Amino acid sequence: MKNLLKIAEEFSPAPIGRYRSDSNKSGEAFRDDLLFPRIDKAIRENDVLVVDFEGMEGLTSSFLEEAFGGLISVKGLSAEAVIKALEFRPENSYFDPYIENVREYIRDAQDQQ
């Protein structure tokens, strides 16, 4: 069974900032309030969490790095488990660079452990 997390609908179509002190629509807020509980559950249940970027008006590197890299550096999950449990949608040329950046932030966070 796959779980779906639609960022634009469930969080914000235009998230910004790294920390809650930057914005209530920051990477830290997204990670702690939505992403971590759902990815943690997916990992524990050997499930998949599909992160849907459809409808996003913008994705900044600080938001993505804090949200996804922070799963490893802040929340202590393993990069291998996170990568295995994550899928992204839609897969098209517009979102591909963002998806690759997310995977890089996850790997980089693991390397810094």
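**Close-up views of side-chain contacts**

Asp52 is buried at 6% relative accessibility (buried means under 20% relative accessible area, exposed over 50%, partly exposed in between; 1.4 Å probe, protein chains only). The model is predicted, with local features needing pLDDT of at least 70 and side-chain atom pairs pLDDT 80 or more, while totals for chains, interfaces and linings use all residues. Residues are numbered from 1 along each chain as its sequence is written, and side-chain values use heavy atoms, without hydrogens and water.

**View 1. Salt bridge of Asp52 and Arg89.** The N to O distance is 3.7 Å (a salt bridge is a side-chain nitrogen of Lys or Arg within 4 Å of a carboxyl oxygen of Asp or Glu). Asp52 belongs to strand S2 (residues 48-52) and Arg89 to strand S3 (residues 86-89), 37 residues apart (strands are DSSP runs of E, at least two residues, and helices of H or I, at least four, numbered from the N terminus). Arg89 is partly exposed at 38%.

**View 2. Salt bridge of Arg18 and Glu66.** Here N and O are 3.2 Å apart. Arg18 lies in the loop between helix H1 (7-10) and helix H2 (27-44) and Glu66 in helix H3 (residues 61-73), so the pair ties together parts 48 residues apart in sequence. Glu66 is buried at 8%, whereas Arg18 is partly exposed at 23%.

**View 3. Aromatic pair of Tyr94 and Phe95.** The rings are edge-to-face, 4.8 Å centre to centre, with 90 degrees between the planes (rings of Phe, Tyr and Trp, its six-membered ring, pair if their centres lie within 6.5 Å; planes under 30 degrees apart count as stacked, over 60 as edge-to-face and the rest as tilted). Phe95 is buried at 6%; Tyr94 is partly exposed at 47%.
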